[in-house]
Amino acid sequence: MTIKSPETFQNTEAFDDEIDLKELFLVLWNGKLVITLITGFAAVCAVLFALWLPNIYESKALLAPKDESGAGGLAGLAKQYGGLASLAGINIGGGGGESSKSMMAQQKIQSLDFFKRHLYEKIMLDLMAVDHWEATSGELVYDPDVFDVKNQTWVRDVSYPQQIKPSAQEAYKDFLELLTISEDEKTSLVTITIKHESPVVAQAWVALIIEAITEELRGTDVEEAQGSIEFLEQQRAQTSLVSLDEVFAQLIEEQTKTIMLANVSKDYVFTVIDPAVVPELESYPKRAVICILGALFGGMLGACLVLVRRYAFDKAIGADHGM
């Protein structure tokens with residue numbers, strides 16, 4: 001009896017592996033027609049699917065939060081006379097972190113309340129009823145099964161809890177899928193992005209959001225400052241101390257400056273570094289990628305089918321012979 005050395009076993013295994021790989025290649029080569037047909041079919045389906053998908057355009061604006069150091073005079077007074085300032089409703093925060101106007105603006109833009117009050121009625125039709133966008137004419141075509149353009153009425157066939165006219169909550173969910181807000185951690189620059197089938201609508205929505213959030217926070221600050229002035233004037237009228245009278249006068253002056261700056265500043269919350277434009281090229285779908293992935297998937301599927309058919313049948317035949 002001859003005992004084989006370990007090297008002999010290794011050479012035999014390597015030879016067997018080589019035979020297996022060669023056999024595998026021959027199986028795939030013999031099934032090349034099946035693989036080609038399945039790959040071609042998958043590629044055609046991928047092309048048709050890619051062409052069927054509508055173009056999606058992205059419009060974005062790059063914004064820089066306004067420097068809130070202009071409130072330094074008020075902050076200094078508030079810190080010096082903290083109790084009095086807090087009674088007047090004056091915010092003595094440093095303006096950083098989550099209390100900053102930038103963070104507040106970002107959260108408000110993504111809130112249902114902001115959507116209902118500033119966007120719902122203005123964008124609902126372009127949000128919920130669009131069928132497609134005609135690039136040649138630049139016009140949106142609305143789905144006749146959703147909205148009757150001639151009679152200007154909603155005609156959706158929906159069941160409870162949905163309504164014929166989309167509710168603010170339903171429209172809000174769809175709106176969030178088209179909105180993206182991101183902030184660069186290093187620079188604090190904020191990017192607002194809107195995706196839509198119409199590049200014109202995408203740009204208009206970005207501009208509308210910036211305008212609405214600016215007016216929202218401007219109005220809030222002016223209202224708070226006016227309330228603080230009224231309180232301070234009432235307290236000033238009730239005191240006879242000259243020292244307190246001077247303090248009230250300084251606080252009222254700073255609140256008056258807040259109102260003045262809010263009314264004259266165009267970019268009250270953000271400075272627009274790069275405004276939104278109407279994009280010329282679509283962002284989605286990536287049709288070339290879809291076609292390539294479709295062809296690769298078809299090739300892999302075809303190869304798997306050829307191998308399964310070959311070895312499954314061999315195993316079945318072997319089992320029959322064993323019986």
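The exercises below, each with a worked solution, concern a predicted model. Residues are numbered from 1 along each chain as its sequence is written, and local features need pLDDT of at least 70, while side-chain atom pairs count only at pLDDT 80 or more. Totals for chains, interfaces and linings use all residues, and side-chain values use heavy atoms, with hydrogens and water left out.

**Exercise 1.** Find in which order the 4 strands of the open sheet stand, and which of them are at the edges.

*Solution.* Begin with the strands, which are DSSP runs (E, at least two residues) numbered from the N terminus, and which pair if DSSP finds at least two bridges between them. The order is then β6-β7-β1-β8, with antiparallel pairing. Next, β6 (179–183) and β8 (270–274) each have a single partner strand, so one side of each is left without a neighbour in the sheet.

**Exercise 2.** Describe how strand β1 pairs with strand β7.

*Solution.* First locate β1 at residues 57–65 and β7 at residues 190–196; the two strands pair in the antiparallel sense over 7 bridges. Then look at Ser59, which stands opposite Ile194 in β7.

**Exercise 3.** Classify the ring pair of Tyr57 and Trp133.

*Solution.* Rings of Phe, Tyr and Trp (its six-membered ring) pair if their centres lie within 6.5 Å, and planes under 30 degrees apart count as stacked, over 60 as edge-to-face and the rest as tilted. By this rule there are 8 aromatic pairs. The centres of Tyr57 and Trp133 are 5.6 Å apart and their planes stand at 80 degrees, so the pair is edge-to-face. Finally, Tyr57 lies in strand β1 and Trp133 in strand β2 (residues 130–134), so the pair ties together parts that are 76 residues apart in sequence.
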